[in-house]
Amino acid sequence: MIQANEYSFSVLNELKKNLQNAEVGIARGMGRCYGDASLADSVFSTLKLNHILGFNPSTGIIEVESGITLDSILDFIVPQAWFLPVTPGTKYITVGGAVASDVHGKNHHAEGCFRQHVLEMDVMVEDGTLVTCSPTVHADLFDATCGGMGLTGVITRVKFQLKKIETAYIKQKMIKAKNLNEIIELLDTYSTYTYSVAWIDCLKSGDGFGRSILMLGEHAKVEDLPERLQKSPLQLPKKKLINLPFFLPSFLLNRLSVSIFNFLYYHKMLKREINNVVAYEPFFYPLDAIQNWNRGYGKKGFVQYQFVLPLESREGLVKILKKIASNGHASFLAVLKIFGDDESLISFPMKGYTLALDLPVRKNLFPFLDELDALVLEYKGRIYL
Ligand SMILES: Cc1cc2nc3c(=O)[nH]c(=O)nc-3n(C[C@H](O)[C@H](O)[C@H](O)COP(=O)(O)OP(=O)(O)OC[C@H]3O[C@@H](n4cnc5c(N)ncnc54)[C@H](O)[C@@H]3O)c2cc1C
């Protein structure tokens with residue numbers, strides 16, 4: 001159990017005092033990073049620093065305090081026909097967290113990381129000085145803060161560029177792939193799509209090793225929508241959230257149950273290809289529809305393990321997938337994607353294959369992950385903090 005003192009602040013002078021008084025401290029947003037990166041003896045919660053400071057509806061430039069969530073920003077910008085330039089798989093994170101982890105989305109190969117859309121930001125560094133930085137002003141601080149996991153100071157304000165949309169919907173294409181070779185070929189063939197990601201069955205061996213479903217998407221235009229939605233294309237019907245009220249027993253998640261889930265998920269798609277239009281929320285944020293979804297992993301929880309390997313290390317990807325399939329550390333959610341070029345100083349993404357797995361905590365999981373770490377290093381890859 002980690003004990004921490006949490007300090008919150010709504011004005012910068014309070015933050016300055018907190019920073020000067022604390023010996024060891026770190027900024028914390030929504031705490032949605034999968035590890036302990038936002039925990040230390042002192043934690044500076046940005047959640048009260050959550051205002052929109054400026055927005056130009058003709059250019060799509062928005063300026064916000066760092067503790068605002070992507071969820072609040074989407075509520076404000078989507079009805080005005082703008083969207084986030086990059087978004088991770090949950091909207092319940094702060095803008096400060098998005099910059100500090102330099103988050104990537106399904107469009108990394110086409111539009112890069114969050115950092116690439118940031119025009120300017122303020123960072124309060126250790127001695128309490130507030131420094132404005134950008135790709136051209138104090139560029140060293142800017143580069144080290146994007147992906148710097150809070151280690152350069154507390155980001156307090158971010159100005160970034162949004163992207164224009166016509167509707168709140170996504171034109172989606174889903175294609176089934178029989179095995180790893182086919183999914184890698186498909187990822188390549190459809191690389192012109194803005195959004196692209198594949199769910200992969202990590203437990204299947206033999207002929208179906210690496211069977212997957214590729215999910216592609218583009219922001220839908222008004223004419224792509226069925227007529228009933230064309231009257232208010234930027235409004236989504238309000239959906240009730242489902243809640244998981246208690247922890248499920250962890251024995252429910254085992255090799256057999258996950259294999260059955262994977263079989264049903266793969267075969268529920270009867271055709272090889274489906275084309276449809278879906279609201280942006282289920283496309284980008286499927287897990288956000290279930291509050292407390294993490295309880296499904298039982299009280300011991302789970303670990304998310306994500307790595308990237310250079311394209312020339314395909315052999316390493318096969319080795320790691322085979323190790324996972326034979327070892328049986330079962331993952332419902334396994335996501336494969338190809339990252340594009342990335343020239344950042346310290347951010348996680350680089351050109352190559354990235355695989356993210358949600359693995360329930362079990363005896364021997366951590367020694368197993370150490371073995372995966374060794375393979376990732378051997379094949380010149382990186383692990384996401
Ligand atoms: C369901 C789910 C899906 C996800 N999908 C993706 C994905 O597709 N791509 C991806 O890249 N990530 C993904 N993530 C991870 C998540 O987007 C990042 O970890 C993000 O940084 C979390 O933001 P947060 O506000 O919760 O920050 P926290 O978890 O509180 O902190 C994360 C890091 O950011 C630092 N930090 C936070 N705020 C500030 C600040 N104001 N100033 C300086 N440093 C700060 C913290 O010190 C810490 O190092 C996902 C997480 C979940 C739960």
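**Exercise 1.** Identify the residues that isoleucine 77 touches.

*Solution.* Leaving aside residues up to four places away in sequence, isoleucine 77 touches Phe55, Ile62, Trp82, Phe83, Leu84 and Leu162; contact means heavy atoms within 4.5 Å. Apart from it lies another core, of 37 residues, including Leu216 and Leu372. A nonpolar core is a set of buried (under 20% relative accessible area, 1.4 Å probe, protein chains only) Ala, Val, Leu, Ile, Met, Phe, Trp, Tyr and Cys residues joined through side-chain atoms within 4.5 Å.

The model is predicted: local features need pLDDT of at least 70, side-chain atom pairs pLDDT 80 or more, while totals for chains, interfaces and linings use all residues. Residues are numbered from 1 along each chain as its sequence is written, and side-chain values use heavy atoms, without hydrogens and water.

**Exercise 2.** Determine how H10 is oriented relative to H11.

*Solution.* Step 1: helices are DSSP runs (H or I, at least four residues) numbered from the N terminus; H10 comprises residues 314–327 and H11 residues 365–378. Step 2: their axes, lines fitted to C-alpha atoms over the stretch in contact, come within 10 Å and cross at roughly 165°; angles run from 0 to 180 degrees between N-to-C directions. Step 3: the two helices are therefore roughly antiparallel, a term for angles over 145 degrees. Step 4: the residues that meet include Ile320 and Ile324 of H10 and Leu372 and Leu375 of H11.

**Exercise 3.** Which H10 residues are buried?

*Solution.* Gly316, Leu317, Ile320, Leu321, Ile324 and Ala325 are buried in H10.

Conventions:
Expected span 1.5 Å × (residues − 1). Buried < 20%, exposed > 50% of the residue type's maximum accessible area, 1.4 Å probe, protein only. Parallel < 35°, antiparallel > 145°, perpendicular 65-115°, else oblique.
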